[in-house]
Amino acid sequence: MGVPSIIVLAKKNPSFWEVCNFRDIKLVIDGNCLYNLLYAYLNIDTIGNFSEYAEKVEMFFMWLFDRRITPYVVFDGAYDIDDKKIETVKSRSQQRAANPEDKTPILAKITFTKILEKLRIQYIKCDFEADRDIQMLANDLKCPVLSRDSDFFIFDVHFGYIPFDSLPLSAIFDGTDEHEIKIYFIENLWKKFPYLRGNMALLATALGNDYLSKHSNVLQNAYHSDNFRLPRCKTEVSDLFEIPCEAGEPFFITIRKVLYWICRYNDADREKRQLLYFCKKDKREEEMLTRSLKVFTEPEDYTSYNLYDLLQERESGGLDRSAVPSHVPTWIIDSHRRSFIPDFFLNTLIHKRVFLLSQVEGTHDLSSHECSLSIRKVIYALLLGTEQSVTEHDRYRMSLCDFQRTGVICVTGLLRDPFIPNMPRELKIKILGAALCCQIPSESICGSLGQTRLFLMITTYWARVAEPTININFLKSVLISYLLFSTIKRNEFRDLKIDFRDDDCLNQRKSNIDGRKGANSSKGAIALNSNHSGSDVRLKDLYYAVTQFAGRDIKTKKDYIPNIIHTFAQFQSCILYITYLNQLLNSPLENVNPAFVFNGKFLHDMDYTLRKMKQDIIGHFLASEKNHFERFDNMLQFIQDNVYIEDSE
């Protein structure tokens, strides 16, 4: 939700705010706001640099820990039960389809939660929209809320609301000087405007919000009526802003009108009747008006489950199903609240409707999510059987379109209504393998990192379904990226000292490569005409060499070939929905960490370098690290044994 005009009122009245110490406290964090804000604030490339993103998210929470702050992260859940905000969701999805480069990439949330798990930060998920639950949890924990949602200027958060822009983000990430942190208290607003106590829902509705836009007919009719007409002088609102409007700045007449109207009548029932009159008997606007007032009214018998009880691991007479329909399995509700499974499942079960988030993916007609359709069909079959259809809202060209999908069971003999928690692990793995048309990699191929198994299956699936068909360069890029970011710490990339000049190993070399694509005849022993011998360079040096080489020609993502962007966008889609399928099956295999498997800029630079060099630079950089080379070679061989890969161009 959001009430944009209230931000103006709050920022122009310093008396609403107090300086806080911001130490030794608990803190309830709006998770959806935080993971999106950090990605945007850090200006990370939206083709998906999840290794850098993970590092900065961890840095943010370590800053909180240094102040002895205990964070509790709360995420939004499924679309509202009555689907009343569906038009808002559609509008935002269309905006994303038109301008995906302005939005957070699709694997950011998984990356974010991986850091929460690493740092053992408690996080939970609401059944539906989280704002009211966040307020109530903060009041239960006796602590402030951290968000950027303007609704928290409306809600009675007893211990204050801290907008994200109050934090010294530059100090957190750049090490610059800090500034004081201010916290908003609604009690201070009520001291100045006492007639708003008990009328905050009316204020939020009359100012316009996600349910009832200020541009709606009902509010435009109201603003132009005699009821909202401002007198030439009215003392109750003459000092509306403590910080005066500057020359050329809007006078915020709407805020003045609304406050005067509430002050003048000070009768919520009468004012509601007036707004209903301005609906002019439009049933939809009457419905949205009523809903807006209800949403922003302090609930007496709140229907959501108790987040505080879940955090305390309390058993309060069994699972509270809240407003979730009875046909949704109890284990799905519990897993969803504990963030073990995504909102995608609840939206499928309740609404039979899902929105697929557009990516930066070139100008292709079909969405990158088309490649992962068969995975989603298995998910739909496990959730709904093969009889019911699901509406997918996905991009086609530049428009958001509706596609009807039905489930497909990929394993012969599987029960129509399987109870997944009781399935043996072997059957769950069999379902994964069948859905991906891939055998399960052995331990000898995967090495010590458990998530390598699912990573190889994802990569094999992507290599099979991607359009246009991928070649060996794409595959090598993905494998070497995984080796780099799963085995080398981020700070090691900053310490590279090798100076690659024009006569370096990327420009002059002699390689002995056998007939099999991508393999070196002597397992890494190659002759090079270079200033650096094989013992001088290692896997981590490849990162610097490749980014330097590609950086000579590629300055922005617009310099990449559109087919490369689209192909790697398909890889992200495969990672996302295979992760979802694995989660639905209670994770029989360890899920992959996007920070390990997808660094968008490096993947694009690596593919570009391989296309240009036409030589075995990977063999050179792995020559002195036999274990890494053998692992790379084994992974490459596994995928080639499962799917045909074209030679490089």
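The model holds 40 aromatic pairs, where rings of Phe, Tyr and Trp (its six-membered ring) pair if their centres lie within 6.5 Å. This is a predicted model, in which local features need pLDDT of at least 70 and side-chain atom pairs count only at pLDDT 80 or more, while totals for chains, interfaces and linings use all residues. Residues are numbered from 1 along each chain as its sequence is written, and side-chain values use heavy atoms, with hydrogens and water left out.

**Exercise 1.** Classify the ring pair of Tyr39 and Phe50, and say what it ties together.

*Solution.* 
Step 1: A pair of aromatic rings is described by the distance of the centres and the angle of the planes.
Step 2: For Tyr39 and Phe50 the centres are 6.5 Å apart and the planes stand at 55°.
Step 3: Planes under 30 degrees apart count as stacked, over 60 as edge-to-face and the rest as tilted, so this pair of Tyr39 and Phe50 is tilted.
Step 4: Find the helices, which are DSSP runs (H or I, at least four residues) numbered from the N terminus. Tyr39 lies in helix H2 (residues 31–41) and Phe50 in helix H3 (residues 50–66), so the pair ties together parts eleven residues apart in sequence.
Step 5: Check the cover, with buried meaning under 20% relative accessible area, exposed over 50% and partly exposed in between (1.4 Å probe, protein chains only). Tyr39 is buried at 2%, and Phe50 is buried at 0%.

**Exercise 2.** Which charged residues lie over the rings of Phe155 and Tyr577?

*Solution.* 
Step 1: Recall the test: NZ of Lys or CZ of Arg must be within 6 Å of the ring centre and within 35 degrees of the ring normal.
Step 2: Over the face of Phe155 lies Arg132, 3.9 Å from the ring centre.
Step 3: Over the ring of Tyr577 sits the charged end of Arg376, 5.0 Å from the centre.
Step 4: Look around Phe155 too: it belongs to one aromatic cluster whose members include Phe16, Trp17, Phe152 and Tyr161.

How values were computed:
Helix = DSSP H or I, 4+ residues; strand = E, 2+ residues; numbered from the N terminus.
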